[in-house]
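Subject: Structure handover

Hello,

I am passing on the structure we spoke about. Please open it first and then read the notes below.

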Amino acid sequence: MKKILYNPAQIITVNTNGRNFLRGGEFISFEVFTEHSVIIEGSFIKDIVPSNKINNKSEYQIIDLSNKVLLPGFIDCHTHAVFAGTRRNEFKMKLEGATYEQLAEAGMGINSTVKAVEESTVEDLVAIASSKIKYFIRQGVTSIEIKSGYGLSFDNEIKILQAIKKLKEIYSIDIISTFLGAHTYPLEYKNNRTKYIDIICNEMLPYVKENGLAEFCDAFCESTAFHPDEIRTIFSKAKELGYKIKLHTDQFNSIGGVDVGLDFNALSLEHLEVINDKDLAKLNATETVSVLLPGVSFFLDYGYAPARKLLDQGSIVALSTDYNPGSSHIQNISLIMFLAARKMKMNINEIISAFTINAAKALDIHTQTGSIEINKKVDFAVLNTSNYFDIIYDCGMNLNCMTIKNGEIIYSNKEIKF
C-alpha cells in the first residue's frame, strides 16, 4: 500500500532540480511547500501534491503530520563515533590551563583513546557506539559516516572497522565507513614514519578493501601528523585499490593539503579552519565539498572555518558534528547548526542544505538521498514545530519527533526500531 505523509505545516524540499547539490548562492531553489503532502511508494518518493487534491484516501496509509515540519533526514558526514574510554580528565585539565606537553606527559590525548581501543573487543566497541547511533537517530539522522583512526595498528584499525560493519548490520540507517589509519603516527613509529606508511599501504589498505570494511580513505594533513608528500604516497595506493578519497586538512596549519586533496579528486576536504584565500579560491571551480566542523572550534575555543567566504564564492559547503572524544565531544546537531549561524554567519537555508544534500554529496550518496525530490529515497526527519526556523531558534533542542528511513518509521514517540 502506498503511504501519504499528510499535510505537514511545511515541506522543506532542499530542491536541487536534479543536480543533487547546492553551491553557495543557489539557495533560491530552496522550496518550502505548505498545504501539500508527500506520496511514497515503497522506499521512494512518488509525488508531492496539494493536500486538497488527494482523493480516495482509503487507498493509502495516512501518516498525519499536521503542524509538523517535514524535511530530508539529516546526514552527519564526518564523525569518529566508534571509540572507547573517556577524555573527561583531559578536558578538565585543559580548563585548568594544562599545556599540550603536560597532557602528553600524563599519557592523555589521542594515545589514551588508542590504548582504550586496544583493551576493547569488537563487541565492546559496538556496545559503546550503539547508544551514540540511537541518539543520532532520535535527532533525525538517516545517514552517518564513521571513521577509524583510533587504532593506529593493523589489528586495532581492523577492529574498529569490524565494529562499524556490525553496526551497519544492526541499524537501518546508512552507516558509511572510512579508513583513517593515517590519523597520526603511533608512538612506536614516531622516529620511523616510513615504516608506518608502509604498513598502511601494503597491509591495512589491501586488507580493508579485500574485506569490504571501508569505502573511503582519509588522512590528516597537519604539521604534527602527516605531511603532503606522505599523504600522496598513501592516496596513490588507495586510488590504485579503488578507494574514494577524503582529507582532513588546514585545521591548525596550512601546509599544502588542499592541493593534495584536489590532485586526488577528493570528494571532500574537511576542517579548513585556517585555509588561506589562495587555496580557498581553488575550491570554487570544483565539486569537492568543504565539510566544516564548528563544534571543534567551539570545543577547543579557536577560530571558525571561513564559511561565508566559501559560500559567497560559490563553493559546496557541508556541516557535520565531528563527534569524537577529544576535540568535539558534541552529538547535538541543533547546537552545531546554531554555531554555524552565529559564528560562521550561515543562513538557515544554507545550514539545512549543508546538513542534508551537500553532506550527502560529501559521502557520494547525493543521487539517492539528501533532498525531497521525486524518485529519491524516503529518508526524512519530522520536526515537532510548524516553522523550520525553530531548528536554529530553539538552540540545542531536539525538535525531531519522527525519523523515516527507506519509507519506514524507525523512530517515533521515543521508540527506536531496528
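A residue is called buried when its relative accessible area is under 20%. The model is a predicted one, so please read everything that follows with that in mind.

Tyr-60

Tyr-60 has a relative accessible area of 17% and is therefore buried. This residue lies in strand S6. Tyr-60 touches Met-1, Lys-2, Lys-3, Ile-4, Ile-39, Ile-54 and Asn-55, leaving aside residues up to four places away in sequence. Phe-235 is 175 residues from Tyr-60 along the chain, and 50 Å separate the C-alpha atoms of the two.

The sheet of 4 strands

Strand S6 belongs to an open sheet of 4 strands with mixed pairing, in the order S5-S4-S1-S6. At its edges stand strand S5 (44-50) and strand S6 (60-64); each has a single partner strand, so one side of each has no neighbour in the sheet. On average, neighbouring strands here are turned by 25° against each other, with direction ignored.

As background, the strands of a sheet pair through backbone hydrogen bonds, and the pairing is either parallel or antiparallel. This sheet has mixed pairing, and two of its strand pairs can be described in detail.

- Strand S1 (residues 2-6) and S6 run parallel and are joined by 5 bridges. Opposite Leu-5 stands Ile-63 in S6.
- Strand S4 (residues 36-41) and S5 run antiparallel and are joined by 6 bridges. His-36 has Pro-50 of S5 opposite.

S4 and S5 also form a hairpin with 2 residues between the strands, where Gly-42 takes a positive phi near 65°.

The sheet of 8 strands

There is also an open sheet of 8 strands, in the order S8-S9-S10-S11-S12-S13-S14-S15, and its pairing is parallel. Strand S8 (74-76) and S15 are at the edges of this sheet, and with a single partner strand each, one side of each is left without a neighbour in the sheet. From one strand to the next, the twist averages 25°.

Within this sheet, strand S11 (residues 216-221) runs parallel to strand S12 (residues 244-249), and 4 bridges join them. Cys-221 stands opposite Thr-249 in S12. S12 is mostly covered, with 5 of its 6 residues buried.

Helix H5 and its partners

Helix H5 (residues 154-170) packs against helix H6 (residues 193-210) at an angle of about 25°, and their axes are 10 Å apart. H5 and H6 are therefore roughly parallel to each other, since angles under 35 degrees count as such. The crossing of H5 past H6 is right-handed. On the H5 side the contact is made by Phe-154, Glu-157, Ile-158 and Leu-161, and on the H6 side by Glu-203, Met-204, Tyr-207 and Val-208. Sorted by class, this contact of H5 with H6 has 6 nonpolar residues, no polar ones and 2 charged ones.

H5 also meets helix H4 (residues 122-138): the two axes come within 9 Å and cross at roughly 50°. That angle makes H4 oblique to H5. The crossing of H4 and H5 is right-handed. H4 contributes Val-122, Glu-123, Leu-125, Val-126, Ala-129, Ser-130 and Ile-133 to the contact, while H5 contributes Lys-159, Ile-160, Gln-162, Ala-163, Lys-166, Leu-167 and Ile-170. The residues of the contact of H4 with H5 divide into 9 nonpolar, 2 polar and 3 charged.

Gln-331

The last item is a residue in a loop. Gln-331 is found between strand S15 (316-319) and helix H12 (333-344). Not counting residues up to four places away in sequence, Gln-331 touches Lys-132, Tyr-135, Phe-136, Gln-139, Thr-321 and Tyr-323.

Regards

Terms used: Residues are numbered from 1 along each chain as its sequence is written. This is a predicted model: local features need pLDDT of at least 70, side-chain atom pairs count only at pLDDT 80 or more; totals for chains, interfaces and linings use all residues. Side-chain values use heavy atoms; hydrogens and water are left out. Axes are lines fitted to C-alpha atoms, for helices over the stretch in contact, and angles run from 0 to 180 degrees between N-to-C directions. Angles under 35 degrees count as roughly parallel, over 145 as roughly antiparallel, 65 to 115 as roughly perpendicular and the rest as oblique. A crossing is left-handed if the near helix is turned anticlockwise from the far one by less than a right angle, and right-handed if clockwise. Contact means heavy atoms within 4.5 Å. Ala, Val, Leu, Ile, Met, Phe, Trp, Tyr, Cys and Pro count as nonpolar, Asp, Glu, Lys and Arg as charged, and the others, Gly among them, as polar. Two strands pair if DSSP finds at least two bridges between them. Buried means under 20% relative accessible area, exposed over 50%, partly exposed in between (1.4 Å probe, protein chains only).
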